[in-house]
Amino acid sequence: MNQAINTQFVNTAEVQAQDAAHHLHPFTNTGALNAKGARVITGAEGVYLWDSEGNKILDGMAGLWCVNMGYGRKELTAAASSQMDQLAYYNTFFQTTNTPAARLAKEIASVTPGDLNRIFFANSGSEAIDTIIRMVRQYWCIEGKPYKNILISRENAYHGSTVGGTSLGGMSGMHKQGAPLMPGVERIRQPYWYGEAGDMSEEEFGIACASALEEKILEVGPDNVAAFVGEPIQGAGGVIVPPANYWAEIQKICKKYDILIAADEVICGFGRTGSWFGSETFGITPDIISMAKGLSSGYLPISAVAVGDRIADALTAHDDDFNHGFTYSGHPVAAAVALENIRLMKEENIVEYVGKEIGPYFQQQLREVLGDHPLVGHIEGVGLVAGMALVKDKASKEGFGEGIDIGMICRDHCFANGLIMRAVGRRMVLSPPLVISKAEVDELCEKALKCFDLTLETVNAL
Ligand code: PXG
């Protein structure tokens, strides 16, 4: 293990001062951060990070849900380096392509489900989502139905932070800023059974949440709705796993009214749920999907939209350009890294490892080690992604009051005790690298247990 990588060369105070003076962080209260100083991450290997003070931290979030093959993979570094020497950049606009982009498109088409055979490249999940928005609307225009342009998404969905992604997503905190939002979006309730079902069984609630889609379609008019967009499992919303019957019902309704299904696979894609894509885990047959993060294990920014034959055939046959794209669409270096990442995933049978071995072990250990903890109201998850509701009272599901930010208290204890676990409101979420071993899962659970104990001590002392 590459202990305390380069920490001896890092002057923490100097980096923090530069950062405070000049760096505006995403989704951050800059004043509050500057007052305490950002933690400086200096190196990483496998599932561990090191900071500039020499602390070793188990990364229970795989960076930001992305470093699926773990840190320090020399194969990925080598792929980037040799592609940079060969062809560092050329665009894919001017009737040109490059070898890694063409090969990657073929490779992605081979691992995506159904007829998702054509690939559009971008650089981030948000850009992939914007691509979906523009592409499905253009599809209906080509079909002679330009009025069929409304997108239906869900409350508490996360689809990125561009204007398109923010508008499509259901994050109220984001909607409050930078308005006006993009028009043409309608939202329905999220399928959060533990938090919002009242007395309904999971099955009843699954039907109720899917019926909300049908009601919305009828309210807006089926002829005005372009697509339903959803994450197979809501990630940034707190890891909300829908009831087992939910997606099948959603599909039935979309089919009935001829509405496209777009699955946002930015988190679920590339093995996270134990299949190549979350759509397979939940039996969804999408018309179009977005992917990013795990596509390159986060080593370089790259995203993609896999397009089904219905949309791709229409775009291809249409006698006009699709006027959309980015300077770095199909970037050869990012594509080379993604290709090598997929090759490694196959060589190491990582999807099967998550589906059959480490995923079930992770889910079982979380429940066994943490399930009885007085703070833990409920644990849900599939494969290597999980969300835990923190409550004041397990029986009534009552949460802590507004004055107690239980998630942040817990997250800070984790940070101080060598574990990265993310807080989403009152939920703690985990999404470790897919290469995590059983011993590392045990360590993660022990650390989480200790941090839940410390969190309980803190709130009891308030
Ligand atoms: N869709 C989904 C489902 C995502 O999870 C995006 C789109 C946007 O991807 P980019 O690459 O543009 O960030 C995401 C990203 C969090 C967090 O706090 C989650 C994401 C991004 C940043 C923070 O959990 N997911």
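I count a charge as sitting over a ring if NZ of Lys or CZ of Arg is within 6 Å of the ring centre and within 35 degrees of the ring normal.

**Entry 1, ground rules.** My model is predicted, so local features need pLDDT of at least 70 and side-chain atom pairs pLDDT 80 or more, while totals for chains, interfaces and linings use all residues. I number residues from 1 along each chain as its sequence is written, and side-chain values use heavy atoms, with hydrogens and water left out.

I looked up K397 and found it over the face of Y194, 4.6 Å from the ring centre. K438 lies over the face of Y361, at 5.3 Å from the ring centre.

Rings of Phe, Tyr and Trp (its six-membered ring) pair if their centres lie within 6.5 Å; planes under 30 degrees apart count as stacked, over 60 as edge-to-face and the rest as tilted. By this rule I get nine aromatic pairs. One of them, F93 with F94, is edge-to-face, with 6.5 Å between centres and 80 degrees between planes. F120 and F322 also pair edge-to-face, at 6.1 Å and 75 degrees. This pair links distant parts of the chain, 202 residues apart: F120 is in strand β4 and F322 in the loop between α13 and α14. (Helices, H or I of at least four residues, and strands, E of at least two, are DSSP runs numbered from the N terminus.) I also noted one aromatic cluster, formed by F228, Y246 and W247.

Buried means under 20% relative accessible area, exposed over 50%, partly exposed in between (1.4 Å probe, protein chains only). F120 counts as buried at 18%, whereas F94 is exposed at 58%.
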